[in-house]
Amino acid sequence: MSSEWPLVKFHNVIELVGGGTPKTTESSFWNGVIPWLSVADFNSVPRWVSGAEKSITELGLAQSSTKLLNAGDIIISARGTVGALAQLGRPMAFNQSCYGVRGISGVADTNFIFYALKLAVKSLKQLAHGGVFDTITRDTFKSIDLLLPSIKEQRAIAHILGTLDDKIELNRKQNETLEAMARALFKSWFIDFDPVRAKMEGRAPAGLDAATAALFPDAFEETELGMVPKGWQIAPVYSIATVTYGAPFASKLFKAKPPGTLLAAVEASETATTVIHLGKNDIDRFKITMPPSEVLKRFSTIANPIYDRFVKNKQQIQTLANLRDTLLPKLISGEMRVSDAEQILSETEKA
């Protein structure tokens, strides 16, 4: 099938747009409503970028060399972090360290070009100026070949790969929500002590059934860690956790297993000498507020399904990403037909 596709240069099927920076000393050019992208805004996004740390005004856009890209256009970094790639979720301007890319209307579908560029990034880096991967120039795009199917097939290929990316993004957003829910519940119960404060004020604790609310006291008491719910204990960390210390490379190694927690020894401490660190003696002094077992059990009953869903989503993200990365080169090269990829995708959705 790929033998039927013409071999073209990226340069001949795309519009390449250069960016720029409004004069930084002119305040009227900055802090407007137009997001202004730099590579830091998109070098770690999965596919879509919808915001930027900095913004410019209409005047800044008009009186500088920056350009406004359309929603759906591609942004690729050309200097520094070379080859970072994303598509715009909304119109945005960008700096001179990037290029804007879109398919030529009627010739190349921009979504297809995104995936073709994604596959070609390795080649782009190898052809970067000086061979040290520090610059992509306009001439770079003249050096990269692309097998170009019909517009209809381009769109079909992009749809398959995009469907996988959309599922990945949906799972990622769900996990952000799940993590926020678990954090909020933990903070409410064990840091802010919201149920205790509510009962002190004669209110029913928000979001708790009567049985759960009854597990919390209606008063605080003074402890070495400050005011804590009455009847709760102060205990060393060893009373609830097994602490395993890491070892230098080439020594005996320990592998952390989920749902374990890793703590980096980089905090200042009383036992620190010339190097800021967290030593064993510091961990020995860690003490925590320990709720009654009934409270912990109830928290686990609520939090464990959240954690299980989070883990399942993470596993699905990895499965989908592996499938996308397997299909990408086969579809872009024409090695695999769209109908075969659609069948694989259908079987994945049923699994």
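## Exercises on helix packing and strand pairing

Helix 9 and helix 10 (residues 338-350) pack with their axes 11 Å apart, at an angle of about 175°. This is a predicted model, in which local features need pLDDT of at least 70, side-chain atom pairs count only at pLDDT 80 or more, and totals for chains, interfaces and linings use all residues. Residues are numbered from 1 along each chain as its sequence is written, and side-chain values use heavy atoms, with hydrogens and water left out.

**Exercise 1.** State how helix 9 and helix 10 are oriented to each other, and which residues meet.

*Solution.* Axes are lines fitted to C-alpha atoms, for helices over the stretch in contact, and angles run from 0 to 180 degrees between N-to-C directions. Angles over 145 degrees count as roughly antiparallel. Helix 9 and helix 10 are therefore roughly antiparallel to each other. Next, look for contacts (heavy atoms within 4.5 Å). L320, L323, L327 and L331 in helix 9 meet V338, A341, I344 and T348 in helix 10. By class, this contact has 7 nonpolar residues, 1 polar and no charged. Here Ala, Val, Leu, Ile, Met, Phe, Trp, Tyr, Cys and Pro count as nonpolar, Asp, Glu, Lys and Arg as charged, and the others, Gly among them, as polar.

**Exercise 2.** Describe the packing of helix 5 against helix 9.

*Solution.* The axes of helix 5 (residues 151-190) and helix 9 (residues 293-333) come within 9 Å and cross at roughly 160°. That makes helix 5 roughly antiparallel to helix 9. The contact of helix 5 with helix 9 divides into 26 nonpolar, 5 polar and 8 charged residues.

**Exercise 3.** Work out the strand order of the open sheet and find its edges.

*Solution.* Helices (H or I, at least four residues) and strands (E, at least two) are DSSP runs, numbered from the N terminus. Two strands pair if DSSP finds at least two bridges between them. The order of the 5 strands is 2-10-7-8-4, with mixed pairing. Strand 2 (14-18) and strand 4 (48-49) each have a single partner strand, so one side of each is left without a neighbour in the sheet. Strand 2 pairs with strand 10 (residues 98-103) in the antiparallel sense over 5 bridges. Within this pair, V17 stands opposite G100.

**Exercise 4.** Characterise the pairing of strand 12 with strand 13.

*Solution.* Strand 12 (residues 220-223) and strand 13 (residues 226-229) run antiparallel and are joined by 4 bridges. E222 stands opposite M227 in strand 13.

Key. Parallel < 35°, antiparallel > 145°, perpendicular 65-115°, else oblique.
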